[in-house]
Amino acid sequence: MNKAESERLGSYLEQLGYQATATAEEADLIVLNSCVVRQSAENRVINKLNALKSLQMSNPGITIALTGCLVNSNINQLRENFPYVDYFFKPGDYPPWIEKQDKVGIILPRHPSLSTFVTIIQGCDNFCSYCIVPYRRGQERSRPLAEIVIEVKELVRRGVKEVTLLGQNVDSYGHDLPNKPDLADLLKELNTINGLARIRFLTNHPKDMSSKLIEAIAYLDKVCELICLPVQSGDNDILKVMRRDYTVEHYRQLVEQIRNKIAGVALSTDVIVGFPSESPHQFQQTVNLLSELRFDTVHVAAYSPRPGTIASSVFEDNIPLAEKRERLHKIEQLQESIATEINAQLLGKTVEVLVEGKKGGKWQGRTRDGKLVFFSDNNDYLGHLVKIRIEKTSPWSLQGKFELNSIN
Ligand code: SF4
């Protein structure tokens with residue numbers, strides 16, 4: 001989300017006549033877009049701000065602005081801590097030095113990549129006990145459906161083939177809008193846009209994902225068969241203290257429903273290991289669930305307390321770091337073997353790939369279900385949907401041979 005917002009902000013400033021410079025030293029204006037999802041990320045922002053102080057001392061004409069999740073209702077405090085920063089503005093807001101007439105409704109990236117992110121809902125109302133996002137990004141605010149459709153049409157006109165709709169919880173999309181459209185309604189509208197090849201979205205919340213949405217993914221041809229559904233833990237007591245608001249049984253049923261309705265669907269999930277008081281048995285429950293449900297991708301993180309969250313003030317971070325690392329490693333190893341087996345099933349099969357660029361002399365792109373594919377060919381396939389016959393697989397990517405150029 002931060003990357004998408006930085007791109008848009010950069011484009012907007014370009015439209016107003018600013019030009020990007022190669023280094024901070026050459027710039028008249030520096031805008032820092034901060035991420036504070038982890039304490040380490042926040043520390044990096046603070047270090048960067050401190051480094052900019054010396055730059056400002058050697059070049060007093062420079063303007064410095066801070067945006068992103070570090071900026072919320074704490075602007076007065078930030079002003080006190082960083083008096084050399086000229087402007088502070090919240091994520092998604094306009095830079096405060098911009099004149100009223102230059103404030104436009106939709107900001108588009110100037111040179112969008114073939115696959116572009118589009119934020120559809122900001123903020124989060126959930127307050128999972130370990131997460132800082134709701135405190136920093138505020139309450140959920142959905143963008144009007146018509147505005148998103150106009151934006152995606154314009155992106156497609158500029159060459160975009162694939163959009164990924166972004167939100168902390170995309171399943172909440174629209175509840176705060178008049179007529180309360182939902183994500184399924186939005187997908188249906190976007191599916192009619194000529195020239196758009198693929199639609200993705202993330203992240204879903206297991207407590208909110210509806211049958212209507214699952215049906216929509218199943219029948220809308222441009223909506224890709226990849227669902228990011230963070231489970232976080234395989235133990236109900238841990239889920240409760242995480243304030244996730246669903247049970248393992250509900251999650252299991254949801255996965256079954258998704259797999260029954262959506263042919264060839266890939267599932268990705270997020271897991272936190274070493275949450276306060278997570279016993280070896282509770283951790284094993286997570287391992288068991290991952291073995292049972294066999295996800296295509298698992299993102300695993302070791303718990304670290306985030307000051308300002310419920311978990312950090314209520315629970316003691318009582319799982320030793322070495323133990324957290326061991327649990328993390330165990331899940332990584334398990335997932336590596338599962339992904340090896342899942343990907344090996346694609347050997348000899350033909351998959352559709354959207355070619356996004358070149359890496360190490362090979363074309364690279366993704367399948368509809370998000371798998372990374374490489375192939376060699378002398379022709380230019382950038383932006384094409386091609387058919388690739390898979391000849392080699394690994395847990396992380398696939399390699400194959402060009403078969404057919406299906407759509408230009
Ligand atoms: S739903 Fe996601 S963003 Fe919202 S509080 Fe929970 S973890 Fe954080």
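**Close-up views of a predicted model**

**View 1. Helix H10 (residues 280–293) packs against H12 at an angle of about 10°, and their axes are 10 Å apart.** Here the axes are lines fitted to C-alpha atoms, for helices over the stretch in contact, and angles run from 0 to 180 degrees between N-to-C directions. Helices (H or I, at least four residues) and strands (E, at least two) are DSSP runs, numbered from the N terminus. From H10, look for Phe283, Val287, Leu290 and Ser291; their partners in H12 are Arg327, Lys330, Ile331, Leu334 and Gln335. Two residues are in contact if their C-beta atoms, placed from the backbone, lie within 7 Å. By class, this contact of H10 with H12 has five nonpolar, two polar and two charged residues. Ala, Val, Leu, Ile, Met, Phe, Trp, Tyr, Cys and Pro count as nonpolar, Asp, Glu, Lys and Arg as charged, and the others, Gly among them, as polar.

A word on the model: residues are numbered from 1 along each chain as its sequence is written. The model is predicted, so local features need pLDDT of at least 70 and side-chain atom pairs count only at pLDDT 80 or more, while totals for chains, interfaces and linings use all residues.

View 2. The protein chain is split into domain 1 (2–102), domain 2 (115–344) and domain 3 (350–407), with bounds from an automatic or database domain assignment. Between domain 2 and domain 3, the C-alpha centres are 26 Å apart. Their contact involves 17 residues from domain 2 and 13 residues from domain 3. Helix H12 (residues 321–344) gives the largest share of the domain 2 side, five residues. That side of domain 2 holds six nonpolar, five polar and six charged residues.

**View 3. Helix H6 (residues 183–190) and helix H7 (residues 211–219) pack at about 20°, their axes 8 Å apart.** H6 and H7 are therefore roughly parallel to each other. On the H6 side you will find Leu183, Ala184, Leu187 and Lys188, which meet Lys212, Leu213 and Ala216 in H7. This contact of H6 with H7 comprises five nonpolar, no polar and two charged residues.

View 4. Around the ligand sit Cys124, Asn126, Phe127, Cys128, Cys131, Val133, Pro134, Gln168, Asn169 and His205. A residue counts as near a molecule or strand if its C-beta atom, placed from the backbone, lies within 6 Å of it. This shell has six nonpolar, four polar and no charged residues.

Technical notes: Parallel < 35°, antiparallel > 145°, perpendicular 65-115°, else oblique.
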